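What follows is a guided reading of one protein model. Please keep the sequence and the 3D view side by side while you read.

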Amino acid sequence: MGSKHHAPSKSFSSKFLSFRCSTILTLFMLFTSFFLFLSPLRHIREHIFFAEQSRFNGDLRDAKFPWNKLCFGPTFEKLKLAVFSKTWPVGAAPGGMERHASTLYHALAARGHEVHVFTVPSDRKPHHDLHEDNLHVYFAANDHGSVNISLAFDIFHKVDANGAFDYVHTESVSLPYWRAKLVPNVAVTWHGIWYEIMHSKLFQELLSNPDGKLPGPMIDLKEAMPKLIDEIRFFRSYKQHICISKSAGEDLVNVYQLPPRNVHVILNGVDEAAFMKDPVAGLRFRRKYGVPANVSIVMGVAGRLVRDKGHPLLFEAFSSIANQHPGLFLLVAGSGPWGRRYSQLGPNVKVLGALEPSELSNFYNALDVFVNPTLRPQGLDLTLIEAMHCGKPVLTPNYPSIVGTVVVDEGFGYTFSPNVKSLLEALESVIRDGSDVLQRKGMACKEYALSMFTAIKMASAYERFFLCMKNTIFCQYPLPTDC
Ligand SMILES: *[C@@H]1O[C@H](CO)[C@@H](O)[C@H](O)[C@H]1NC(C)=O
Ligand SMILES: *[C@@H]1O[C@H](CO)[C@@H](O)[C@H](O)[C@H]1NC(C)=O
């Protein structure tokens, strides 16, 4: 009896099932073609999103998003600015921080502002002061080659006596807090805060001691909390705070308890003329360094080859995935202890050593995807931004500073938790996507980088910030002169 009754219901359900399957299939195909057909709309949606931000109307000090998103018009008002910076680039291969300072202050001086920088040469050797049009760089070193703040202030007061500075800017603690307390018109840019550094110490501990077999946490971790408390206390000595990611801005308000109106987000930009998409240069670079023509995906990593830049992580993941995917190739630019280990990984890895700055753009162009496995969530790594300008998608850890500000959309690349398993999964996605999808993502990166991370956007945001600090009329947005 049961079987009699079951038979029709079974065939009904199988019919139903096949009906459902075909419906689902049809719907799926419909949706797929719909999506493929309409996917250009996604771009439009992103533009609407940007447009919404540029329709912001009000006091800039209330903006919760990066000032770079806005479009500031020209100004006739000229500023006299004092800048404290730990170093100033002299000679070849400047680090990220020096490159940033040099890009920003050259750009502000080129816009007609008088910029006086108090600093020391990056090579720690004696140099004459630099005076190029509106940009004046004073070297005030002590015996160890770092900034002698008393000496710097002697010069500062002399220049100030010739016409008062409108505003003072310090890159991190280049102007120490006990000195900043005495300077009412001071803004500090934080390139990394201890709250984020604690985050990275945590990851480094978990990675280097996954099973807790080593006795006790590393010494840094034990010292981290007191350092954070110390930092929260002394940050109040600075009046205005600029940070370089949305998440750092949120930390300064929520954890450091700074007044939201004194916390602003201005993202770093790079010279977009120095980092451009150039497939021909990319191919030439590949040939020059002997990348086989038959590889399917070229990945690249750049920077100092040290532990806290995440090289143990990439090394382990790459050595385990390269066997299964012989078409994968890794270019390693930079020098450091991990260089030798990479070079022993076999024919699918090429270690290039440190590249000349002029070669860096060609390097990015030679890649299908740029990898930055860093274990340091603080700051914004300029290399990610440079690679994006060259039209390359990025593969990088999912830190708040990165997913909130750089890889804000899956269309820009791949993110992972800083452990080998998660990185392997992300690498599998890269391989599954293949070079066509990577190319498409790279174009989206380029478009986003141009809308957010250019030297001009950064300089015009800083210009407007200092104008707003000098005269609150400039805090209004938009002004009739704004675009
Ligand atoms: C710093 O400069 C002052 C002069 O302004 C000088 O007296 C002092 O010895 C210098 N300190 C160091 C450590 O070089
Ligand atoms: C590429 O070509 C070389 C030499 O012909 C060969 O040994 C290698 O296996 C090839 N690699 C791939 C990924 O096909």
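A place to begin is Ser343, which is found in helix 11 (residues 338-343), where helices (H or I, at least four residues) and strands (E, at least two) are DSSP runs numbered from the N terminus. This is a predicted model, in which local features need pLDDT of at least 70 and side-chain atom pairs count only at pLDDT 80 or more, while totals for chains, interfaces and linings use all residues. Residues are numbered from 1 along each chain as its sequence is written, and chains are lettered from A and ligands numbered from 1 in the order in which they are written.

Ser343 counts as exposed because 12 other C-beta atoms lie within 10 Å; by the rule used here, a residue is buried if 20 or more other C-beta atoms lie within 10 Å of its own, exposed if 12 or fewer, and partly exposed in between, with C-beta atoms placed from the backbone. When its neighbours within four places in sequence are left aside, Ser343 is in contact with Val349 and Val351, contact being defined as two C-beta atoms, placed from the backbone, that lie within 7 Å. Between Ser343 and Val332 there are 9.0 Å from C-alpha to C-alpha, and the two are 11 residues apart in sequence.

Ile266, leaving aside its neighbours within four places in sequence, is in contact with Pro66, Trp67, Asn68, Ile242, Met458, Ala461, Tyr462 and Phe465.

Helix 3 (residues 96-110) has 15 residues and reaches 21 Å from its first C-alpha to its last, close to the 21 Å expected at 1.5 Å a residue, where the expected span is 1.5 Å times one less than the number of residues. Since 11 of its 15 residues are buried, helix 3 is largely enclosed by the rest of the structure. Just after helix 3, Gly112 takes a positive phi of about 100°.

Helix 6 (residues 194-208) also has 15 residues, and its end C-alpha atoms are 20 Å apart, which agrees with the 21 Å that it should span. Its buried residues include Trp194, Tyr195, His199 and Phe203, and what covers the buried residues of helix 6 includes helix 7 (219-235), helix 8 and helix 14 (400-403). In helix 8, the buried residues are Ser247, Ala248, Gly249, Asp251 and Leu252, and these pack against helix 6, helix 14, strand 7 (186-190), strand 8 (240-243) and strand 9.

Some details of the backbone come next. Most residues other than glycine have a negative phi, and most peptide bonds are trans. Gln257, in the loop between helix 8 (246-254) and strand 9 (263-265), has a positive phi of about 60° although it is not a glycine, and with 10 C-beta neighbours inside 10 Å Gln257 counts as exposed. Arg124 likewise has a positive phi of about 60° without being a glycine; Arg124 is found in the loop between strand 3 (114-119) and strand 4 (130-132). The peptide bond from Tyr477 to Pro478 is cis, with omega near -10°, and Pro478 has its place in the segment after strand 16 (476-477).

The ligands remain. Ligand 1 is surrounded by Asn142, Asp143, Asn148, Ser150, Leu151 and Asp154, whereas the residues around ligand 2 are Pro292, Asn294, Val295, Pro326 and Gly327, a residue being near a molecule if its C-beta atom, placed from the backbone, lies within 6 Å of it.
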